[in-house]
Amino acid sequence: MDKQLNLKNIVLIGRTFEEYHKMFELDNLPANEHILDVASGVSSFCAEASAKGYNVTASDRVYTSSPLEIESKCRQDLDAVMNQLPDLVDLYAWDFFKDVQALKTNREKAYKLFIEDFKNYGTKRYMPAEYPTTDFKEEQFSVSLVSHFLFLYEDHINYDFHRKVIRELLRITSKEIRIFPIVNLKGKKSVYVDRLMHDEDFNHLQISIKKVGYEFVKNGNEMMLIDKSGCN
Ligand SMILES: C[S@@+](CC[C@H](N)C(=O)[O-])C[C@H]1O[C@@H](n2cnc3c(N)ncnc32)[C@H](O)[C@@H]1O
């Protein structure tokens with residue numbers, strides 16, 4: 001049987017700006033776009049990107065909790081993942097992170113930067129949102145980034161949920177949606193990728209898969225790009 005992380009739920013673990021920059025090829029994104037980070041959790045992307053002049057709104061269901069509660073849940077999830085990793089090292093590519101300790105240090109850096117920024121800016125940057133339904137306005141954002149939420153957790157969230165989240169993102173995003181990775185927790189392409197690309201509801205859109213310069217889960221080095229331009 002294929003090995004994978006054994007997770008009861010979607011975990012509260014976050015990545016850094018550097019990882020987002022590689023996963024989503026942000027070099028080709030003008031800094032003045034209004035970016036929505038979808039299910040951003042304890043990622044430090046919003047904090048770091050804002051400091052660099054990007055216009056980012058982070059959104060996650062966990063933002064109704066206090067910084068202390070979030071930190072405590074994140075620590076538990078991080079420990080649960082780190083305890084399993086020594087038995088799963090073959091599932092991952094150890095290039096971006098040299099080893100398990102380097103990974104842990106990076107994840108701790110991300111959530112600590114997040115907590116500080118969350119305390120300082122609250123709902124100016126961090127909007128509570130329970131996908132698939134949000135209170136955001138039509139086309140409030142130009143680009144939505146979805147990191148480690150859809151596809152990866154196909155055992156936890158079904159196809160109908162994926163569809164609904166993408167429909168909601170199409171409503172609140174004017175230009176494009178980028179989703180990374182497109183593999184599940186076993187490092188296999190999610191069964192929902194082809195299903196989505198052939199879904200009649202989305203056949204007016206340009207949906208493509210692009211190889212990017214970031215890989216942690218082995219084979220997880222592609223992002224999905226959903227382009228809304230030309231569909232109005
Ligand atoms: C693995 S974390 C990814 C965090 C961030 N995107 C990153 O890559 O660093 C998954 C996040 O999804 C959030 N989440 C799960 N289900 C959600 C839902 N229905 N609506 C909003 N957020 C959700 C969790 O709270 C968690 O922060």
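Helix 4 (100–121) is part of what covers the buried residues of helix 3, contact being taken as heavy atoms within 4.5 Å, and helices (H or I, at least four residues) and strands (E, at least two) being DSSP runs numbered from the N terminus. The model is a predicted one, in which local features need pLDDT of at least 70 and side-chain atom pairs count only at pLDDT 80 or more, whereas totals for chains, interfaces and linings use all residues. Residues are numbered from 1 along each chain as its sequence is written, and side-chain values use heavy atoms, with hydrogens and water left out. The buried residues of helix 3 are Ile70, Cys74, Asp77, Leu78, Val81 and Met82, where buried means under 20% relative accessible area, exposed over 50%, and partly exposed in between (1.4 Å probe, protein chains only). Because these residues cover an arc of only 130° around the axis, they fall on the same side of helix 3, the arc being that of the directions from the helix axis to the C-beta atoms. The exposed residues Leu68, Gln76 and Asn83 are carried by the face of helix 3 that is turned away from the buried side. The 18 residues of helix 3 (residues 67–84) should span 26 Å at 1.5 Å a residue, and this agrees with the separation of 26 Å between its end C-alpha atoms; the expected span is 1.5 Å times one less than the number of residues.

Aromatic rings were considered next. A pair of aromatic rings is described by the distance of the centres and the angle of the planes. Rings of Phe, Tyr and Trp (its six-membered ring) pair if their centres lie within 6.5 Å, with planes under 30 degrees apart counted as stacked, over 60 as edge-to-face and the rest as tilted. By this rule the count comes to 21 aromatic pairs. The rings of Tyr20 and Phe45, with centres 4.5 Å apart and planes at 10°, are therefore stacked. This pair links distant parts of the chain, since Tyr20 belongs to helix 1 (residues 17–23) and Phe45 to helix 2 (residues 45–51), 25 residues apart. Both Tyr20 and Phe45 are buried. The rings of Phe96 and Phe97, by contrast, have centres 4.9 Å apart and planes at 85°, so that this pair is edge-to-face. Phe96 is partly exposed, with a relative accessible area of 25%, whereas Phe97 is buried, at 2%. Ring pairs join Phe96 and Phe97 with Tyr92, Trp94, Phe180, Tyr214 and Phe216 in a cluster.

Charged groups also lie over rings, a charge being counted if NZ of Lys or CZ of Arg is within 6 Å of the ring centre and within 35 degrees of the ring normal. The charged end of Lys52 sits over the ring of Phe17, 4.9 Å from its centre, and Arg125 lies over the face of Tyr121, at 3.5 Å from the ring centre.

Thr134 is placed in the loop between strand 3 (126–128) and strand 4 (141–147) and counts as buried at 10% relative accessibility. The side chains of Thr134 and Glu168 are joined by a polar contact of 2.6 Å, defined as a pair of N or O atoms within 3.5 Å, of which, within protein, one must be able to donate a hydrogen and the other to accept it, residues adjacent in sequence counting only if both atoms are side-chain atoms. A polar atom of the Thr134 side chain also lies 3.3 Å from the backbone nitrogen of Phe136. Neighbours within four places in sequence left aside, Thr134 is in contact with Ala129, Glu168, Arg171 and Ile172. The loop between strand 3 and strand 4 also holds Pro132, which is joined to Tyr131 by a cis peptide bond with omega of about 20°.

Lys175, in strand 5 (residues 173–180), is partly exposed, with a relative accessible area of 40%. The side chain of Lys175 makes a polar contact with that of Glu33 (3.0 Å); with neighbours within four places in sequence left aside, the contacts of Lys175 include Ser142, Ile226 and Asp227. A further cis peptide bond runs from Phe180 to Pro181, with omega near -5°, and Pro181 lies in the loop between strand 5 and helix 6 (191–197).

Positive phi values in residues other than glycine occur at Ala39, near 55°, and at Phe151, near 65°. Ala39, in the loop between strand 1 (34–38) and helix 2, is buried, with a relative accessible area of 18%, and Phe151, in the loop between strand 4 and helix 5 (159–172), counts as buried at 0% relative accessibility.
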